[in-house]
Amino acid sequence: MRRLLAFLTGRRRANEPSFEARAPKAPALMTDSDWIRHRAPLRHRDEALSTDALDWLAEMPDDFRPEALAEQFPRIANRFALLWRDPGLVEHYLDELLMPARPGRQGFPPEVTVDLQSLQVLNEHRLYLSESPTDDPA
């Protein structure tokens, strides 16, 4: 009952951490164990390409199809398949993958990096070059 009363009145014990102490850490201050807790756990469905990802890969132009990415990191390919309809979200996800906030990351194998860079080029084309200029009669 005392705990409930203390909670309701806003009093804290001296050894209880304050809200500020429980706030998320900045990425530069996170340790490996922090990152492990931050990352979503692998699930069985992350180990294979989804139907959506297979359809997405089939629709990709041959020169841009990320085969190494799909083979080595199906979880990432599955995410791209879900995000691909929104070029802005894809741009954000590519930035996270190619410029990670986690210090000391090993990075992707070269062939996967090439796939990600190809997707970035294709997505930038979708974002910036596919917009038609407005006709200004002036």
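Predicted model: local features only at pLDDT ≥ 70, side-chain atom pairs only at ≥ 80, totals over all residues.

Trainee: Is Tyr 93 buried or exposed?

Mentor: Tyr 93 counts as buried, because its relative accessibility is 10% and the cut-off for buried is under 20%.

Trainee: And what does Tyr 93 touch, apart from residues up to four places away in sequence?

Mentor: Tyr 93 touches Ile 76, Arg 79, Phe 80 and Leu 83. Take Ile 76: it sits 17 residues from Tyr 93 along the chain, and their C-alpha atoms are 9.7 Å apart.

Trainee: What about His 92, where is that?

Mentor: Also in helix H6. His 92 counts as partly exposed, though, with 47% relative accessibility. The His 92 side chain makes a polar contact of 2.9 Å with the side chain of Glu 96.

Trainee: Those two are four places apart in sequence. Why would side chains with that spacing end up on one side of a helix?

Mentor: An α-helix has 3.6 residues a turn, so residues three or four places apart point the same way.

Trainee: Okay, switching to H5. Why do you call helix H5 largely enclosed by the rest of the structure?

Mentor: Because eight of its 10 residues, in the run 74-83, are buried. The buried ones are Pro 74, Arg 75, Ile 76, Ala 77, Asn 78, Phe 80, Ala 81 and Leu 83.

Trainee: What covers them?

Mentor: The cover includes helix H3 (51-59), helix H4 (67-72), helix H6 (87-98) and helix H7 (110-129).

Trainee: Let's take H3. At what angle do H3 and H5 pack?

Mentor: About 75°, with the axes 8 Å apart. The two helices are therefore roughly perpendicular to each other. On the H3 side you have Asp 52, Ala 53 and Trp 56, and these meet Ala 77, Asn 78, Phe 80, Ala 81 and Leu 82 in H5.

Trainee: Which residues touch the most other members in the largest nonpolar core?

Mentor: Trp 56, Leu 69, Phe 80, Trp 84, Leu 116 and Leu 119, out of 21 residues in that core. H3, H4, H5, H6 and H7 each supply at least two of its residues, and H5 gives the most, with five.

Trainee: Pick one of those. What does Leu 119 touch beyond four places in sequence?

Mentor: Trp 56, Met 60, Phe 64, Pro 66, Leu 69, Phe 80, Trp 84 and Leu 94. As a general point, nonpolar side chains tend to be buried together in soluble globular proteins.

Trainee: Which side chain joins Asn 123 in a polar contact?

Mentor: Arg 126, at 2.7 Å.

Trainee: Last bit, zooming out. How many helices and strands are in the chain?

Mentor: Seven helices and zero strands. Of the chain's 138 residues, 25% count as buried. Its accessible surface comes to about 10,900 Å², and 55% of that belongs to carbon and sulfur atoms.

Note on methods. Residues numbered from 1 in each chain as written. Heavy atoms only, no water. Buried < 20%, exposed > 50% of the residue type's maximum accessible area, 1.4 Å probe, protein only. Helix = DSSP H or I, 4+ residues; strand = E, 2+ residues; numbered from the N terminus. Contact = heavy atoms within 4.5 Å. Core = buried A, V, L, I, M, F, W, Y, C linked by side-chain atoms within 4.5 Å. Polar contact = N/O pair within 3.5 Å; in protein donor to acceptor, adjacent residues only side chain to side chain. Areas by Shrake-Rupley, 256 points an atom, 1.4 Å probe, with all protein chains shown as cover. Axes fitted to C-alpha atoms, helices over the stretch in contact; angles between N-to-C directions. Parallel < 35°, antiparallel > 145°, perpendicular 65-115°, else oblique.
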